[in-house]
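Please have a look at the sequence and the structure first.

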Amino acid sequence: MNENQTPTPDTNNVFELAIVLGKALKNDPRLLRMEAARKAYEEDDTVTTLMAEYEVQQKALQNVASAEDFDPQMMELIQNRINELYDTIMAHPTYAELNAAQEAVNELMNAINNTITFAITGEMPSDCTHDCSTCGGCH
């Protein structure tokens with residue numbers, strides 16, 4: 001094998017490499033941030049209460065919509081409350097941090113998948129922006 005050739009791993013080695021990658025990712029700052037954000041979210045009584053009410057209101061809306069004696073005013077009231085809860089949840093710092101951390105992890109995983117695809121095919125997937133500041137996955 002010359003210096004430009006990559007060794008061809010057997011199937012078992014591929015899974016071993018996946019484990020190594022997983023362990024490396026476990027310590028990536030984006031995943032650490034995600035874990036901290038998830039924990040903060042789970043421990044935030046305000047957000048969990050708002051989310052529980054949101055789910056209850058969603059079920060109430062379904063019940064009103066499917067009732068024989070459909071009440072459009074009640075449906076509007078519930079929908080308004082759902083919208084209010086949604087806005088409150090989205091604006092809450094704990095939930096906003098969870099979303100931002102999840103987005104960073106998703107971007108990382110997409111970059112990793114693009115890098116693997118590039119290694120397999122020699123071509124970047126079509127979602128490559130060619131703006132490496134948004135990726136970091138192919139070089």
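Asp44 caps the N-terminal end of helix H3, with a side-chain oxygen lying 3.0 Å from the backbone nitrogen of Thr46. Helices here are DSSP runs of H or I with at least four residues, numbered from the N terminus.

Before I go on, a word on the basis: this is a predicted model, in which local features need pLDDT of at least 70 and side-chain atom pairs count only at pLDDT 80 or more, while totals for chains, interfaces and linings use all residues. Residues are numbered from 1 along each chain as its sequence is written, and side-chain values use heavy atoms, with hydrogens and water left out.

Not counting residues up to four places away in sequence, His92 touches Asp44, Thr46 and Val47, where contact means heavy atoms within 4.5 Å. Is His92 buried or exposed? His92 counts as buried because its relative accessibility is 16%; buried means under 20% relative accessible area, exposed over 50%, and partly exposed in between, with a 1.4 Å probe and protein chains only.

Now to H3 itself, which has 22 residues and reaches 32 Å from its first C-alpha to its last, close to the 32 Å expected at 1.5 Å a residue; that expected span is 1.5 Å times one less than the number of residues. The buried residues of H3 are Val47, Leu50, Met51, Tyr54, Gln57, Leu61 and Val64. Seen down the helix axis, they fall within an arc of 145 degrees, so they line one face of H3, the arc being that of the directions from the axis to the C-beta atoms. These buried residues pack against H2, H4 and H5, whereas on the other side of H3 the exposed residues include Asp45, Lys59 and Gln62.

Key
Helices (H or I, at least four residues) and strands (E, at least two) are DSSP runs, numbered from the N terminus. A polar contact is a pair of N or O atoms within 3.5 Å; within protein, one must be able to donate a hydrogen and the other to accept it, and residues adjacent in sequence count only if both atoms are side-chain atoms.
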